[in-house]
Amino acid sequence: MCVQRGLCRGFVVAVLETIMAANAAYGVIKQCLSNGREVKGLVGHVGKFLNAEADLKDAVERKKKNPLSAITGGSEGDWEEFQALEDLKEKRRELESWCRLYGPPGTWDRWISWQAEARKARRAAEKQKEKEREEMMEAIAWSLSGLAGLGGIGALIYFLGRYMEKW
């Protein structure tokens with residue numbers, strides 16, 4: 001249980017940091033829009049907010065897929081995670097409304113399409129990284145196998161030499 005609590009604490013800290021980032025970006029966006037600023041200057045903060053939302057969803061999915069939390073019944077914090085996701089969902093709806101009202105026509109739609117392309121690029125980069133990792137692990141395995149084979153041949157030659165009394 002202690003190991004599971006340690007994992008939960010690390011997970012909770014990551015989730016809290018993500019929620020804090022999303023809330024901070026949302027606060028900046030809301031303040032700027034209420035002050036009448038251009039939406040163009042807020043794209044970075046909107047991106048931070050939406051990335052924090054995606055990070056939170058990924059963290060929740062990783063927790064669900066974690067075999068250790070499944071074994072130990074790690075349902076601690078489920079309600080808080082649900083509430084955080086619902087809160088972010090509502091804030092996202094408000095951001096969409098503000099972007100549609102105050103931004104140039106099509107801003108939100110372009111943002112959504114750009115975000116989809118960025119998500120595809122991230123997935124492709126993750127797949128490429130995983131492929132490179134697998135290739136490196138395969139090269140390491142072949143290298144270790146080769147070294148073990150050479151060591152075995154060397155040991156065989158040594159013991160044959162000792163057995164035949166050549167050394």
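This is a predicted model: local features need pLDDT of at least 70, side-chain atom pairs count only at pLDDT 80 or more; totals for chains, interfaces and linings use all residues.
**View 1. Val28, a partly exposed residue in helix α1.** Val28 has 31% relative accessibility, so it counts as partly exposed (buried is under 20% relative accessible area, exposed is over 50%, and partly exposed is in between, using a 1.4 Å probe and protein chains only). Val28 sits in helix α1, which covers residues 2-34 (helices are DSSP runs of H or I with at least four residues, strands are runs of E with at least two, and both are numbered from the N terminus).

View 2. Ala14 is found in helix α1, and at 31% relative accessibility Ala14 counts as partly exposed.

View 3. Setting aside residues up to four places away in sequence, Lys91 touches Asn23, Tyr26 and Phe49 (contact means heavy atoms within 4.5 Å).

**View 4. The largest nonpolar core.** This core has 20 residues, and the ones touching the most other members are Ile29, Phe49, Leu50, Leu56, Leu95 and Trp108 (a nonpolar core is a set of buried Ala, Val, Leu, Ile, Met, Phe, Trp, Tyr and Cys residues joined through side-chain atoms within 4.5 Å). Two or more core residues come from each of α1, α2 (43-65), α4 (78-102) and α5 (107-163). Which element gives the largest share of this core? That's α2, with seven residues.

**View 5. Where α4 meets α5.** The axes of these two helices come within 9 Å and cross at roughly 130 degrees (axes are lines fitted to C-alpha atoms, for helices over the stretch in contact, and angles run from 0 to 180 degrees between N-to-C directions). That makes α4 oblique to α5 (under 35 degrees is roughly parallel, over 145 roughly antiparallel, 65 to 115 roughly perpendicular, and the rest oblique). On the α4 side you'll find Arg92, Leu95, Glu96, Cys99 and Arg100, which meet Trp108, Asp109, Ile112 and Gln115 of α5. Sorted by class, this contact has four nonpolar, one polar and four charged residues (Ala, Val, Leu, Ile, Met, Phe, Trp, Tyr, Cys and Pro count as nonpolar, Asp, Glu, Lys and Arg as charged, and the others, Gly among them, as polar).

**View 6. The one aromatic pair in the structure.** Tyr158 and Phe159 pair edge-to-face, at 5.3 Å centre to centre with 70 degrees between the planes (rings of Phe, Tyr and Trp, the last by its six-membered ring, pair if their centres lie within 6.5 Å; planes under 30 degrees apart are stacked, over 60 edge-to-face, and the rest tilted). Tyr158 is partly exposed at 43% relative accessible area, whereas Phe159 is exposed at 55%.

Notes
Residues are numbered from 1 along each chain as its sequence is written. Side-chain values use heavy atoms; hydrogens and water are left out.
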